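Please report on the structure below. Cover individual sites as well as the chains as a whole.

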Amino acid sequence: MDGFPILSLMLAVPAIAAVACLFVDARTARWIALAATLVDFVLGCLLWANFDQSPSAPQWQFTEYAPVFGRFAWALGIDGFALMLIMLSVFLMPICIGASWDAIEKRVPEYMALFLLVEVLMIGTFAAQDLFLFYMFFEAGLIPMYLIIGIWGGANRIYASYKFFLYTLLGSVLMFIAMLYMSVTAGTTYIPDLMAYDFPAHVQTWLWLGFFASFAVKMPMWPVHTWLPDAHVQAPTAGSVILAGVLLKLGGYGFLRFSLPMFPEASGQLTWLIFALSAVAVVYTSLIALVQSDMKKLIAYSSVAHMAIVTIGLFAFNQQGIEGAMIVMLSHGLVSGALFLCVGVIYDRLHTREIARYGGLANNMPRYAILFLLFTMASIGLPGTSGFVGEFLSLAGTYQVSTWIALVCTTGIILGAAYMLYLYRRVVWGEIKWDDVRVMPDLSVREIALLAPIAAVVLWMGVYPESFLAPMRADVATLLERVNRGNPGSDSKPTAGKPAAIAAYEARVEEVSGHGEAGEGGEAAPAAAHGGGH
Amino acid sequence: MIQAIVFLPLIAAIVAGLGNRAIGNVAAKSVTTGALLIACLLSWPIFLGFLSGNRAAEVVHVLDFIKSGGMDAAWALRVDTLTAIMLVVITTVSALVHLYSWGYMAEDPDQPRFFAYLSLFTFAMLMLVTADNLIQMFFGWEGVGLASYLLIGFWYKKPSAQAAAIKAFVVNRVGDLGFMLGIFGTYLVFNTISIPAILEAAPTMAGSTIGFLGYRLDTMTVLCLLLFVGAMGKSAQLGLHTWLPDAMEGPTPVSALIHAATMVTAGVFMVCRLSPMFEVSPTALTVVTGVGAATCIFAATIGTVQTDIKRVIAYSTCSQLGYMFFAAGVGAYGAAMFHLFTHAFFKALLFLGAGSVIHAMHHEQDMRFYGGLRRHIPITFWTMMAGTLAITGVGFAGVGFAGYHSKDAILEVAWASGSGQGAFWVGTFAALLTSFYSWRLMFLTFWGKPRWAGSEHIQHAAHGDHHHDAPADEDAGHASAHAHAAHGHDDHGHAHDDGTAGYHPHESPLVMLAPLLVLTLGAVGAGFAFHHAFLEEAGFWKGAIFYNQHLMHAMHEVPALVKYAATIVMALGLLTAIYAYLLRPTFPAKFVEQFRVLHRFLMHKWYFDELYDLLFVKPAFAFGRLFWKAGDEGTIDRFGPNGSAALVAMGSRVAGRVQSGYVYSYAFVMLIGLTAAVTWAIAGR
């Protein structure tokens, strides 16, 4: 693949298809969109297959560089983090198109064009290596999303899209100012160079806060999260999927790509801020999720809680934390996307998101009940699903920095189980109470084709996460090397054992284990078995 | 071989679960039961191999799992003595429960799902006991939690079953919070999550301190107590026990397999598996002893007043788990595992026996509506009798039923340890109560005069009334058959003043009786057959647990009174039960009259549910609403996006034009223009 501009091609395919969609009828537009997203998915698989994961591999691969004017360049290239997030985007896109197949009836060509535009912008954001190219992709991503909510959304879409716009715009202005300053000071807009540039510590704090304003909104972190429930509730199903699946990952990606490597000292100093906001978010939004009566709102609030697990992991300054955060992002993209699809499935049948209007779906929709259960369990973080791996690593990383924050955030596993199982109970279990629910048919072939691939990947990531961890391993190491200077330290470091205590222990073991070799088994045999096992 | 034992149930679960109605009841049942029978047949040779000393511990690598720095977990199957014991317990009870369910669930419309869940549970439990690292153990731990949730909620139409399922999962998650933090801490300290590596390094951490929540505490104490919180959740110890009695909402075979023989003993297994870690922290061991003893007596007191046959056995299970923990707490891990082993057989027997009674009584579970059943269902009666003799610990001069060997060993070792003498007294008193409530159950059920005329379930059955909801309908076919038989014996309209309402219970089918008979063998003989290996042979354990030779010798040198204490209280309990339930049946009512407050306290299960509801459940919902309405909407939105009047006005102006869609083009152009202009400015410098 040397020299072949595969990233540009991945941008070009949906871009051309988007334009084509505008000139055809609804039916053709659907097929064009599906074909384009599938082609991009295949290209994504090629990208992954050709990505060099060996330890000696260069950090940036598939790079392209074409100066446009001045210092502004068409610079693309990916590392393991970007690769994984691109894979997530190209995987979810065909599913989004499929989810909109029948549900969207008005202005289909425009709708499909906008979705393809979202895909272009998402891939562009993850692949951009030029600061302003990144900015363009990053901010422009707002616009199609905003249109999708504003035109194809629910009854209260205007308020939702306005709120969405206001929040994200405010954040981006501050980030833009920070970017201007950086490019002027460092004299480059090339991201890999900036990642190695040492800004003075006092400046770092301001720049960090500028980026933080934008990323915290995108994440979203408490207390700038209130746009998310409204946006989700009003967005069409596929809009919610892409919003939760990919757009929410921009914030985390931003922290990973900019805040941490470019401002390591500031990151270390402000870790307390991230930790505090995240810990509040976990408890606060989980409790809110418990009392929701609208399915989409419930899942939206649970997203905020899950994203808080991402931020604590990123700022744990250790391998488990960062790898965990990345896996939570990937997993959440799949699982919350799938949960929104599950809501969409029954919304298409009954046109309401009220939890109380359902109940007893296990009786007439058993296939739906199984898949919904799987995604519910993945959201709860049951081991064997993708949700567990990320959550576990991220919290394990956090524990090494702060036991308090780890304790508070781990309560999320209790609260998460409570609100998701309570949701499942009200929607799926019980007797059927409404006649219109009774006649709801089980999943169609199309719907199974949308959910089954996600289910397969959720289990794959849960059982063999190595596939997803391996491409990022070298990048995590590079990042840690860079940020380690800002490491805020740990509140829990153990001391070595005391020789006196160890001797006392050994004497006691000697005494109780009696005579003869049998008694020595207590300590010796586990070691032997261990040796034999590896 | 071990791969087959572990993965056959998984494959069977997938086949039965996904095949479901497409493959039909018989195929689903045959696949799952067949898989379990094979697993069982493969497990016993492994156990016997360890018993005869011909086998050595081994670890079979299956697949890489999580690799993140030092946190390197693989899917691997560890087989040593401890695992081998659990293997035979799990596969044997599971295979028998599968078989039993052919009869018990015969009329259920959803059988493939039930059998798939049972097999899935077995797989998860096997993954737990074969774990070579803490993460895989946690996988199994949560996996059995999932299966337990699904099986408690199997009759998902029943609100009480739904609530019980969620409660079980969430309360277990509280324990899991401790387990997870324990794993994190262990990783932080040892930089590995491999169990053998941790156990090897644990002694070097004696006297070390660690920061936890702002305090500096003894490292091993912190780690062990965090892990023990997990064990408390899974094994329903005092404080985290509230889910277990409610779990009886599940079908009875489930209670026998999961909530008596296997899953609830996972906590005990974990403490034994990590025993070299616990040994480094005397403080942690003291806590384990204390919690175990407290649970043991607490649950036994409640067991004496319950009227639901399954709940009596559930509290009994909770109490017996307390014995296992305090045995572990005093350092007698072998005794804890031995009681786990024997308890699995006789408690599964008691539960399946109770299931057989419930089956015969058309789903009446209230013992006040039983009575005189020993003539109607003699095989069930005799097998349950064996279970009762086992749990109360009947035996003399070194020969007795299973519980005689294991429970008495625990009491003796508690005394011998010195530090556990408090636990000895508590345990002895609990043994008195155990004997009392076990015989109370037997007498109420099998002796006396029939009292089921007042039971609604029986009235429905006797009059062929099929107005039932689905869960109770599971054996409607049987019931109507019984009812017809009943009508055959008695004339219609004849007044049944013998308390039977014309209903005559029938013995369960052979497929249900056979498992009872097999388990009876275990309840009678497992104690005598294996007590030497479990309690007195370090060579049997081969280092799989911390083996305290000194303590195991000392338990033989306890005073005679200590030795016979268990037998004496067993007899006392029996005599009290005979007096109260056979000789003077009016006595219990009088007693209740006398001690009304105490009785109400016990009937309300020490008010734990009410307390937790008040402390956790209600506040969680209240705070949720508060944060939502007063936090998000009342504060953040009000001062944020809805902001000042000007902003709102601007918002509505913007919003007014949104409809046309033009504003977006403007925004887009603005953004691009801004970016381009600025870029130009920078580039042109």
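In this predicted model, B:Thr380 touches B:Gly353, B:Ser356, B:Val357, B:Phe446, B:Glu507 and B:Leu513, leaving aside residues up to four places away in sequence. B:Thr380 belongs to helix α15 of chain B, which covers residues 378–392. Its relative accessible area is 0%, so B:Thr380 counts as buried.

B:Pro282 and B:Gly331 are 49 residues apart along the chain, and 9.8 Å separates their C-alpha atoms.

**Backbone geometry**

Most residues other than glycine have a negative phi, and most peptide bonds are trans.

Where do A:Pro220 and A:Pro223 lie in chain A? A:Pro220 is in the loop between α9 (201–218) and α10 (227–234), and A:Pro223 is also found in the loop between α9 and α10.

B:Leu213 sits between β3 (209–212) and β4 (215–218), while B:Trp606 sits between α25 (596–603) and α26 (608–639). Is B:Leu213 buried or exposed? Its relative accessible area is 17%, and the limit for buried is under 20%, so B:Leu213 counts as buried. B:Trp606 has a relative accessibility of 30% and therefore counts as partly exposed.

**Chain A**

The secondary structure of chain A consists of 25 helices and 2 strands. Along the principal axes, its C-alpha atoms fill a box of roughly 85 × 70 × 40 Å. What radius of gyration does chain A have, and what would a compact globule have? For 534 residues a compact globule would be near 24 Å; chain A has 25 Å, which agrees.

Of the 534 residues in chain A, 69% are buried. Among the contacts of chain A with a separation of 6 or more, 82% are between residues 24 or more positions apart. Chain A exposes about 16,400 Å², and 66% of that area comes from carbon and sulfur atoms. Its charged side chains number 27 positive and 36 negative, with 12 Å between the centres of the two sets.

**Chain B**

Chain B has 28 helices and 6 strands. It has 685 residues, and 63% of them count as buried. When contacts between residues at least 6 apart in sequence are considered, 78% of those in chain B join residues at least 24 apart. The accessible surface of chain B is about 22,900 Å², with 68% belonging to carbon and sulfur atoms.

**Confidence**

The model has an ipTM of 0.91 and a pTM of 0.91. The average pLDDT of chain A is 88, with 95% of the residues scoring at least 70. Residues 515–534 of chain A are below 50, and this stretch has 27 contacts in the model beyond near neighbours in sequence.

For chain B the mean pLDDT is 86, and 88% of its residues reach 70 or more. Which stretch of chain B stays under 50? That stretch is residues 465–495, for which the model has 42 contacts beyond four places in sequence. Where pLDDT is low, the predicted coordinates should not be read in detail.

Terms used:
Residues numbered from 1 in each chain as written. Chains lettered and ligands numbered in written order. Predicted model: local features only at pLDDT ≥ 70, side-chain atom pairs only at ≥ 80, totals over all residues. Heavy atoms only, no water. Helix = DSSP H or I, 4+ residues; strand = E, 2+ residues; numbered from the N terminus. Rg over C-alpha atoms; globule rule 2.2 N^0.38 Å. Buried < 20%, exposed > 50% of the residue type's maximum accessible area, 1.4 Å probe, protein only. Contact = heavy atoms within 4.5 Å. Areas by Shrake-Rupley, 256 points an atom, 1.4 Å probe, with all protein chains shown as cover. Lys, Arg positive; Asp, Glu negative; His and termini not counted. Charge placed at Lys NZ, Arg CZ, Asp CG, Glu CD. pLDDT = per-residue confidence, 0-100.
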